[in-house]
Amino acid sequence: MSWIREGELNLLERLSANVLKAGPMPKHVAFIMDGNRRFARKKNMERQEGHMQGFDKLAETLRWCKHLNIPEVTVYAFSIENFKRTKDEVDGLMDLARQKFVRLLDERENLEKHGVCIRVLGDLNMLPLDLQQLIAKAVITTKTHNKCFLNVCFSYTSRYEITNAVREMAWGVEQGLIKASDVSEALLSECLYSNNSPNPDLLIRTSGEVRLSDFLLWQTSHSCLVFQSVLWPEYSFWNLCEAILQYQLNHKSIQKARDLHREHQALLQLEADRACVAEHLQHHGNGKPADAQRRQEALLHYTACREERVLDFLEALKLKRTKQLAELG
């Protein structure tokens, strides 16, 4: 099955899509594609066939998202916790991943035609070397495409991602690229695997489970969460429409929460900068209190220096990650 499924919506689907698109639409949708194994049991088929059907459904869902003008999709393909499953199942999932990434490389012209950028979020070092190399080639091959984005979370958990982001900031401090006082919530966000993407507007989990299973915990703090009972291989266009409608009904409150959080972040950063400037002036002011103008000038200078440090650090981090990928590809 192709990663990119061609084909138009039928008349009723097109009409429904146009009605939905008259309202606020999510630009980034995340999926926890749950229920492949239960689907296999329900249909008396092998687990591996259930996972194959799940991939086919992903290709179909990407087609729906394209017609709904949703440019970015993130999917939970393989959790680090999944390594605890039986060896046969894990090996089967690795084989399926190999097949699909080989197919993706075979379809590079079609991906370029549609402008699809593939990103893989997770710790590739946990995967077999040949699969790491395939993934690296796929990511490098599509990295300049910019019409739509598919983020595949593979060998991933959110807690591992956050821990890794903390390590990256510690590396920056050790290298002298940033100061410990530069560490902030905003900087941590920039160190996540998902730093190239906006946070999801809508997260959908299928199969009736009502938990996030360590998926995008940081990024979905102000997202619409929709839990649906349908098993992933049985997911339909109408299930997706229902989830988008839930997003639209909650859009105003979500946007308000995001705006308030953004304002709060800016205020916290300003207070942190003022505290650093006050400490600096106290140590270098010969005991004399600084007047308001001097404090303001010092604050502007400190903020500019901090922002420059952070940008240099993020560029160094980007180069480090690019080099790691290039060595595999």
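## Strands 3 and 4 in the sheet

Strand 3 and strand 4 run parallel and are joined by six bridges, where two strands count as paired if DSSP finds at least two bridges between them. Arg 119 stands opposite Asn 151 in strand 4. This is a predicted model, in which local features need pLDDT of at least 70 and side-chain atom pairs count only at pLDDT 80 or more, while totals for chains, interfaces and linings use all residues. Residues are numbered from 1 along each chain as its sequence is written, and side-chain values use heavy atoms, with hydrogens and water left out.

The two strands belong to an open sheet of six strands in the order 3-4-2-1-5-6, with parallel pairing. Strand 3 (116–121) and strand 6 (224–227) stand at the edges with a single partner strand each, so one side of each has no neighbour in the sheet. From one strand to the next the twist averages 20°. Helices (H or I, at least four residues) and strands (E, at least two) are DSSP runs numbered from the N terminus.

## Helices on the sheet

Helix 4 (residues 87–106) packs on the sheet and touches strand 2 (72–79), strand 3 and strand 4, contact meaning heavy atoms within 4.5 Å. The direction of helix 4 makes about 145° with that of strand 2; axes are lines fitted to C-alpha atoms, for helices over the stretch in contact, and angles run from 0 to 180 degrees between N-to-C directions. Helix 9 (residues 237–249) also packs on the sheet, touching strand 1 (28–32), strand 5 and strand 6, and its direction makes about 140° with that of strand 5.

## Aromatic pairs

A search of the whole structure finds twelve aromatic pairs, meaning rings of Phe, Tyr and Trp (its six-membered ring) with centres within 6.5 Å, where planes under 30 degrees apart count as stacked, over 60 as edge-to-face and the rest as tilted. The rings of Tyr 156 and Tyr 193 have centres 6.4 Å apart and planes at 55°, so this pair is tilted. Tyr 156 lies in strand 4 (residues 148–156), and Tyr 193, 37 residues apart from it, in the loop between helix 8 (185–190) and strand 5 (202–205). Tyr 156 is buried, at a relative accessible area of 0% (buried means under 20%, exposed over 50%, partly exposed in between, with a 1.4 Å probe and protein chains only). Tyr 76, Tyr 156, Tyr 193 and Phe 215 form one aromatic cluster.
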